[in-house]
Amino acid sequence: MIEVRHAGAKGFGVFAKALIPRGSRLLAESSLISIDNHKPSILRAARQLTSRDHQKLLALSPNPVKRRSILSNLEAALLSLPRVERHAVNLNTLNIFRNNNFGLSDDAGTRAVFETVARINHSCVPNSQGNFHTGIGQFVVHALRPIPCGDEITISYLDDQLAGGEARREHLEEGYGFTCACSLCGGGSSITAKSESRRADLQRDLGVFAEAKAARDGQTAVTDADADVELVMMNTLIAAYEAEGLAGRELATIYLAAADLAAKLGDSTMAQSLARRGLQLELDAVGVDSPHYIASAAAAQSLVSDDI
Ligand SMILES: C[S@@+](CC[C@H](N)C(=O)[O-])C[C@H]1O[C@@H](n2cnc3c(N)ncnc32)[C@H](O)[C@@H]1O
């Protein structure tokens, strides 16, 4: 279904070998190396790898900026030391781990590297999403929309998918050392300009909403009017994600929270349609066997009477 191959200036990338339907599981992979709160040393974990697995790790992509800055700071000292090569390998191991690891959002705070997942490049409008599947103990990647044969598989490296272009560029340049060449950032087209102004409007509305909420907090009991305003804000947020062509778990979570709120406010028609869309998005992003999806479907059961 997928293959790893050269992706031009981005280095390697992962590509569709056939038309991939929305919601397909593109891969499920066990970690090559992982660390958690109890075993926080990357180098100690790397020493426990077989030499074949260490070679696989060292073949992954380093952060070019960090490698340059680490090496220029330490180069003189390193060159005067014995076992120079060993130090260089250690620096490379650290750099590569940092450029390719994912947080698994578990209680242990595990961060891990997955060999094929690590080849998936970033897009600000990704067609896929990766999540750790606690049921099978593997990292899974799902198609968020149909992916034509030959298209590149992309995920988002961003924390805030609705951030404006400047914030996105800063995050990607400082965190990963690259200038994003995705379809949204690469162009300077009218699509990019529309997206920028939509994102700026949304950030402004969110700011006004957060200020008003902070001013109200602790002063009076939450009224239906406050909940109405919150539901309008959630629907604005949802509309922005949809207009930007963004899907995935974050959006599913907003839909499901909005469905709950609509139900509390007595609008069962809105609650049902929000819950249906939220569950569909979650299903596409994690799969029917995912404990996340199973929990969401159970929680939304009273809102959605039929199967989606
Ligand atoms: C986790 S790796 C992804 C796989 C990598 N291309 C490889 O050859 O192994 C992250 C690196 O890929 C490149 N990359 C990922 N997404 C990119 C994008 N949207 N634009 C330009 N470079 C990108 C950057 O060099 C980044 O540091």
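Arg198, Leu202, Asp205, Phe209 and Arg216 in α7 meet Asp226, Met233, Thr236, Ala240 and Ala243 in α8 (contact: C-beta atoms, placed from the backbone, within 7 Å). By class, this contact of α7 with α8 has five nonpolar, one polar and four charged residues. The model is predicted: local features need pLDDT of at least 70, side-chain atom pairs count only at pLDDT 80 or more, and totals for chains, interfaces and linings use all residues. Residues are numbered from 1 along each chain as its sequence is written.

**Helices α7 and α8**
- Helix α7 spans residues 190-216 and helix α8 residues 224-243; their axes come within 11 Å and cross at roughly 160° (axes are lines fitted to C-alpha atoms over the stretch in contact, with angles from 0 to 180 degrees between N-to-C directions).
- Therefore α7 is roughly antiparallel to α8 (an angle over 145 degrees).
- α7 passes α8 in a left-handed crossing (the near helix is turned anticlockwise from the far one by less than a right angle).

**Helices α8 and α9**
- The axes of α8 and helix α9, residues 249-264, come within 10 Å and cross at roughly 150°.
- α8 is therefore roughly antiparallel to α9.
- The crossing of α8 and α9 is left-handed.
- In α8, Ala227, Glu230, Leu231, Met234, Asn235, Leu237, Ile238 and Tyr241 meet Leu251, Ile254, Tyr255, Ala257, Ala258, Leu261, Ala262 and Lys264 of α9.
- The contact of α8 with α9 has, by class, 13 nonpolar, one polar and two charged residues.

Key. Helix = DSSP H or I, 4+ residues; strand = E, 2+ residues; numbered from the N terminus. Parallel < 35°, antiparallel > 145°, perpendicular 65-115°, else oblique. Contact = placed C-beta atoms within 7 Å. Nonpolar A, V, L, I, M, F, W, Y, C, P; charged D, E, K, R; others polar.
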